[in-house]
Amino acid sequence: MKDRASTALTSRNSVQHLCKSILNRLDNSKVIRFPSEKRAELQEEMVGLISPYIFTDEDLRSKTLEMLGASSDMLMDAGFTESSNYRTARSMVRKSFGDDELNGFYFQKSLREIAKMMAEFFMSSPLVDDVFESDNEVILRVVEVVKRFNPEQSH
């Protein structure tokens with residue numbers, strides 16, 4: 001996956017919105033069934049499951065600042081973020097995130113592996129009453145939602 005052309009800034013909040021979108025899509029298309037009062041808890045468990053494997057633009061910025069020993073106040077200075085030191089450090093951190101990037105998410109496992117983790121989670125979670133599709137169908141649907149997810153429209 002190549003670098004994206006847009007400048008949308010993803011954050012930990014974007015990962016929560018992604019999980020909400022996945023849950024909504026699977027629920028609306030009757031792939032899974034769960035009690036509505038368990039929705040928030042289910043979503044939080046999903047975030048906990050996948051967030052260690054998805055870095056965001058916010059993580060990229062934070063790790064770049066950490067590498068430079070800089071504070072977030074320095075980011076307000078346009079000259080700082082345009083400096084060659086910042087750009088070099090950002091490039092190094094970006095390379096450490098790997099090549100699987102989509103819409104501002106940097107996947108530390110393949111998208112299919114993450115979708116498989118989610119399918120297994122839905123099959124085994126006591127918060128989910130029933131799963132009406134095969135593992136492969138759930139995986140395909142999760143991948144489809146992630147590919148179509150637009151962080152700019154999730155706020």
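A residue is called buried when its relative accessible area is under 20%, exposed when that area is over 50%, and partly exposed in between, using a 1.4 Å probe and protein chains only. Arg 39, for instance, has a relative accessible area of 24%, so Arg 39 is partly exposed. Keep these words in mind as we walk through the structure.

What you are looking at is a predicted model, in which local features need a pLDDT of at least 70 and side-chain atom pairs count only at pLDDT 80 or more, while totals for chains, interfaces and linings use all residues. Residues are numbered from 1 along each chain as its sequence is written, and side-chain values use heavy atoms, with hydrogens and water left out.

How confident is the predictor? The pLDDT is its confidence in each residue, on a scale from 0 to 100. The protein chain has an average pLDDT of 88, and 85% of the residues score at least 70. Over residues 1-7, however, the pLDDT is below 50, and this stretch has 13 contacts in the model beyond near neighbours in sequence. A contact here means heavy atoms within 4.5 Å.

Now for the overall plan. The protein chain holds seven helices and five strands. These elements are DSSP runs numbered from the N terminus: helices are H or I runs of at least four residues, and strands are E runs of at least two. Of the 155 residues in the protein chain, 39% are buried. If you take the contacts between residues at least 6 apart in sequence, 75% of them join residues at least 24 apart.

Let us see how some helices meet. Helix H1 covers residues 12-28 and helix H7 covers residues 135-148; the two pack at an angle of about 130 degrees, with their axes 10 Å apart. The axes are lines fitted to C-alpha atoms, for helices over the stretch in contact, and the angles run from 0 to 180 degrees between N-to-C directions. Angles under 35 degrees count as roughly parallel, over 145 as roughly antiparallel, 65 to 115 as roughly perpendicular, and the rest as oblique. H1 and H7 are therefore oblique to each other. H1 passes H7 in a right-handed crossing; a crossing has that name if the near helix is turned clockwise from the far one by less than a right angle, and is left-handed if the turn is anticlockwise.

On the H1 side of this contact you will find Leu 18, Ser 21, Ile 22, Arg 25 and Leu 26, which meet Arg 141, Val 142, Glu 144, Val 145 and Val 146 in H7. Sorted by class, the contact of H1 with H7 has six nonpolar, one polar and three charged residues. For this sorting, Ala, Val, Leu, Ile, Met, Phe, Trp, Tyr, Cys and Pro count as nonpolar, Asp, Glu, Lys and Arg as charged, and the others, Gly among them, as polar.

H7 also meets H6: their axes come within 8 Å and cross at roughly 125 degrees. That angle makes H6 oblique to H7. H6 passes H7 in a right-handed crossing. Residues in this contact include Ala 115, Ala 119 and Phe 122 of H6, and Val 138, Ile 139 and Val 142 of H7. By class, the contact of H6 with H7 has eleven nonpolar, one polar and four charged residues.

Let us zoom in on Phe 122, which lies in helix H6 (residues 111-124). Is Phe 122 buried or exposed? At 1% relative accessibility, Phe 122 counts as buried. Not counting residues up to four places away in sequence, Phe 122 touches Ile 22, Leu 23, Leu 26, Ile 32, Met 46, Val 128, Val 131 and Val 138. Phe 122 and Val 138 are 16 residues apart in sequence and 9.0 Å apart in space, C-alpha to C-alpha.

With a relative accessible area of 16%, Asp 59 is buried. Leaving aside neighbours within four places in sequence, Asp 59 is in contact with Arg 12, Ile 54 and Phe 97.

Finally, visit a loop. Lys 30 lies between H1 and strand E1 (32-33). Although Lys 30 is not a glycine, it has a positive phi of about 60 degrees. Lys 30 is exposed, with a relative accessible area of 62%.

Conventions: pLDDT = per-residue confidence, 0-100.
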